[in-house]
Amino acid sequence: MSDFLAVLAEAKRQSDPSGIAPAVPYLHAMGIETRLEGDVLVCTMRFSEPLIGNFAIRALHGGTLGALLESAAATTLLWRELLAAEVVDERLAMPRIVSLTVDYLRTGRAVDTHARAFITSAGRRVARIRAEAWQDDPERPVAAAQASFLVG
Amino acid sequence: MSKGAKADDAAAEKAARLERIDAAFARAIPYNAWLGLRAVDVGAKGEGRIVLTLPFRAELVGNPISGVLHGGPITAAMDAACGASVFLALREPQRIATLDLRVDYLRGAAPGVDLFCRAECVRITKQVAFARGTMDQGDADEPLAVVAATFMVFRDQGSVLAEGLKESKGGAGSDGGGA
């Protein structure tokens, strides 16, 4: 079993997805963490200087918000598959993204950013997900995304 | 002046322009620098066209089993390329911000291979600009991703910002902020 599958198996056993993000190189490098709030998976992107896209107004790079939203969508799907799986094996891996549309709603400030995703439809082959990113107030999202993934 | 010398001058001028654009977009914007983006080609002056490279590195991997790149760097690099294409199409340096961006992932990226982000500003109006882009791993006819992005152009607000941008050289990156 690969190290990553071992991480997934442990996350499932503990009912805690916080070990997943550190095991994904890009999420780890971006300072993105995964945790459960109730039964909703929340991704938090810790602020760091390399995430800046406009230093004149100290705004996050729009791409980092897109990356966070996609991460929230993909890990939410992965977590759902993981919970449903009887055995943790290669078939789980990562859901494959088909398309992603990001709407930028407010300037992302130089602070921590959180994201959560909701599965809007899940068929045997395709899952559609809506994701939102916010900073202080979940009711005031800085960006939102709609994504389609191939599953199974 | 001989034809050869003229061609040399033109090539030298383009190289100098590419160097300035690379410094302003790829190296001065923190996240673009973190990604390792570099500008490798630009259109003629005033033409909103740019090619960036995104060198593969292990930190950008999203699937630890297959070694395939995460979609995040692809989205971010294409946002940067589309934003740069819009900025290059502007007559005056003005702040721009991404309104929305759609990425279609046509095929998976081969692990370990550098990527090219090609973007073009297709239309620019008083307040909004439209860009299209593709990403590939060396063969522009075999894109891995196609992108459509729209940007807000802050023209009236720009006077104060534009001054700051001139001084700071390259704070003009897309910040992904809404209107």
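**Close-ups of chain B**

**View 1. A119(B) and its partner across the strands.** In this predicted model, A119(B) has G133(B) in β5(B) as its bridge partner. The two strands involved, β4(B) and strand β5 (residues 128-136) of chain B, run antiparallel and are linked by eight bridges. Getting from β4(B) to β5(B) takes a hairpin of three residues.

**View 2. The other pairing of β4(B) with β2(B).** Strand β2 (residues 49-54) of chain B also pairs with β4(B), again in the antiparallel sense, this time over six bridges. Look for V51(B), which sits opposite R118(B) in β4(B). Strand β4 (residues 115-124) of chain B is mostly covered, with seven of its ten residues buried. As you follow a strand along, remember that in a regular strand the side chains alternate between the two faces of the sheet.

**View 3. Helix α3(B), tucked away.** Buried or exposed: what are the residues of α3(B)? Buried, 19 of the 19, so the helix is largely enclosed by the rest of the structure. Helix α3 covers residues 71-89 of chain B, and at 1.5 Å a residue its 19 residues should span 27 Å; its end C-alpha atoms are 27 Å apart, so the two agree.

**View 4. Stepping back to the whole of chain B.** Chain B has four helices and six strands, and from the N terminus they come in the order α-α-β-β-α-β-β-β-β-α. Of its 179 residues, 44% count as buried. Among contacts in chain B with a separation of 6 or more, 62% are between residues 24 or more positions apart.

Technical notes. Residues are numbered from 1 along each chain as its sequence is written. Chains are lettered from A and ligands numbered from 1 in the order in which they are written. This is a predicted model: local features need pLDDT of at least 70, side-chain atom pairs count only at pLDDT 80 or more; totals for chains, interfaces and linings use all residues. A residue is buried if 20 or more other C-beta atoms lie within 10 Å of its own, exposed if 12 or fewer, and partly exposed in between; C-beta atoms are placed from the backbone. Two residues are in contact if their C-beta atoms, placed from the backbone, lie within 7 Å. The expected span of a helix is 1.5 Å times one less than its number of residues. Two strands pair if DSSP finds at least two bridges between them.
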